[in-house]
Amino acid sequence: MDLYEHQGKDLFDPAGIPLPERAIATTPDEAAEAAERLGGHVAVKVQVQMGGRGKGGGVALVHSPEEAAREAARMLEQGFGGATVTRVLVERLVDIAAQFYAAISLDRSEGTYLAMVSNDGGIEIEEVARTRPEAIRRVHVHPVRGLRPYHARRLTGHLPVEAREGASDLVTKAYAVLAETDATLVEINPFVLLTDGTVMALDSKVTVDDNALFRQPGAAALADSFPIDPIERRARDAGLQYVKLDGEVGIIGNGAGLVMSTLDVVKQAGADAANFLDVGGGASAEVMATSLEVILSDPSVRSVLVNIFGGITRCDLVARGILEALERVTPQVPIVVRLDGTNAEEGRRILAEANHPRIVPAATMLEAAERAAELALEGVA
């Protein structure tokens with residue numbers, strides 16, 4: 001679960017990480033009031049669960065309450081990157097001498113955490129890694145032993161001398177936040193050295209492990225504050241593993257691996273997936289019906305690809321679920337169905353006898369993907 005910047009900073013506060021004075025605003029008037037309290041010279045920062053705010057107009061440096069109100073109104077009305085914006089962060093501007101980058105993330109390949117510090121902050125770390133790899137110090141941190149003082153010294157030894165002590169303290173406290181909140185990522189881009197010698201975090205990006213929310217009630221409670229796409233909410237309420245994507249082919253499969261492979265084959269066929277939806281290993285007719293209802297409620301879907309390999313899941317039940325869904329909703333797009341595995345012949349027979357005008361049978365996964373892509377792109381054209 002990705003937290004908003006201000007929520008990450010709310011975790012930084014009790015850890016003792018220095019931060020600028022700030023306030024949350026949900027209206028332009030609140031932004032103006034906050035700017036006035038903070039001296040007028042403030043940053044107005046859109047609060048969304050994505051990066052690229054600085055380049056995309058999501059951060060505005062203003063010098064009066066009136067400017068703060070105008071920028072807040074723009075952000076709240078226009079949204080950002082296609083996401084709804086419900087709040088902005090108003091933060092006092094500070095006098096920056098230098099800026100840096102720090103992050104601690106879960107490294108699954110090594111079974112440890114990876115801590116990184118760069119003497120280039122405020123820009124994309126991927127670009128720094130590509131063009132100036134020597135600017136990034138990396139240290140693997142064992143989750144049992146934790147981040148030790150020698151780790152912090154190693155990470156910050158290439159920074160200006162006057163920043164090293166404060167940076168070491170900041171990285172150590174950032175690791176404490178990660179460990180205490182079951183986070184998989186704590187990123188600060190940038191953290192800065194002020195002209196008075198203070199080292200301060202100007203940003204926060206915190207990702208909490210969804211599997212740990214049962215023991216992080218504070219973080220779990222924040223989930224209700226995030227705008228959720230109505231289709232995603234419907235899928236979540238039905239217990240479906242659903243992720244909205246940007247394409248035109250709706251995908252339903254059983255098993256995460258099969259669904260991921262289906263996304264790849266659809267891409268290979270020249271189209272893009274509109275979603276990831278995994279009905280699981282024992283999908284019933286009811287689950288299949290609900291899944292199709294969810295997919296068909298997405299206006300961007302131009303065709304649907306149902307790709308089922310029957311193991312625990314019986315293909316005859318899948319077929320009945322498809323027909324049940326088509327009694328609940330009237331599809332306006334074709335539904336390509338590929339069934340294989342347990343009771344596949346029976347499932348194909350059920351669909352053939354139903355002779356529904358929107359169902360398009362396919363014998364193989366590749367054929368199904370190519371047909372779904374063709375039909376979707378015809379719909380777009």
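**Figure 1. Helix H1 crosses helix H6 in a right-handed manner.** In this predicted model, local features need pLDDT of at least 70 and side-chain atom pairs count only at pLDDT 80 or more, whereas totals for chains, interfaces and linings use all residues. Residues are numbered from 1 along each chain as its sequence is written, and side-chain values use heavy atoms, with hydrogens and water left out. A crossing is called right-handed if the near helix is turned clockwise from the far one by less than a right angle, and left-handed if anticlockwise. Helices (H or I, at least four residues) and strands (E, at least two) are DSSP runs numbered from the N terminus. H1 covers residues 5-15, and its axis lies 10 Å from that of H6 at an angle of about 115°. H1 is therefore roughly perpendicular to H6. Axes are lines fitted to C-alpha atoms, for helices over the stretch in contact, and angles run from 0 to 180 degrees between N-to-C directions. Angles under 35 degrees count as roughly parallel, over 145 as roughly antiparallel, 65 to 115 as roughly perpendicular and the rest as oblique. On the H1 side, Leu11, Phe12 and Ala15 meet Lys173, Val177 and Thr181 of H6, where contact means heavy atoms within 4.5 Å. The residues of this contact comprise four nonpolar, one polar and one charged. Here Ala, Val, Leu, Ile, Met, Phe, Trp, Tyr, Cys and Pro count as nonpolar, Asp, Glu, Lys and Arg as charged, and the others, Gly among them, as polar.

**Figure 2. Helix H5 also packs against H6.** The two axes are 9 Å apart and form an angle of about 125°. H5 is therefore oblique to H6. The crossing of H5 over H6 is right-handed. Ala152, Arg153, Leu155 and Thr156 in H5 touch Arg164, Ala167, Ser168, Val171 and Thr172 in H6. Four nonpolar, three polar and two charged residues make up this contact.

**Figure 3. The largest nonpolar core contains 38 residues.** A nonpolar core is a set of buried Ala, Val, Leu, Ile, Met, Phe, Trp, Tyr and Cys residues joined through side-chain atoms within 4.5 Å. Buried means under 20% relative accessible area, exposed over 50%, and partly exposed in between, with a 1.4 Å probe and protein chains only. Phe12, Leu147, Leu170, Val186 and Phe191 touch the most other members of the core. Among the elements that give two or more residues to this core are strand E5 (96-107), helix H5 (149-156) and strand E8. H6 provides the largest share, eight residues. Leucine 170 touches Ile17, Ile188, Phe191, Val199, Met200 and Ala201, when residues up to four places away in sequence are not counted. A second, separate core of 32 residues includes Val279, Ala319, Leu326 and Val337.

**Figure 4. Aspartate 2 lies in the segment before H1.** Aspartate 2 counts as partly exposed because its relative accessibility is 32%. Leaving out residues up to four places away in sequence, aspartate 2 touches Gln49, Val206, Thr207 and Phe226. In H1 itself, Glu5, His6, Gln7, Gly8, Lys9 and Phe12 are buried. Just after H1, glycine 16 has a positive phi of about 85°.

**Figure 5. Aspartate 182 and asparagine 355 both have a positive phi.** Most residues other than glycine have a negative phi, and most peptide bonds are trans. Aspartate 182, with phi of about 55°, is placed in the loop between helix H6 (161-181) and E8. Aspartate 182 is buried because its relative accessible area is 17%. Asparagine 355, with phi near 55°, belongs to the loop between helix H12 (344-354) and strand E16 (359-361). Asparagine 355 is exposed because its relative accessible area is 62%.

**Figure 6. The peptide bond from asparagine 189 to proline 190 is cis.** The omega angle of this bond is near 10°. Proline 190 is part of strand E8, which spans residues 183-194. Phe191, another residue of the model, is one of those that touch the most other members of the largest nonpolar core.
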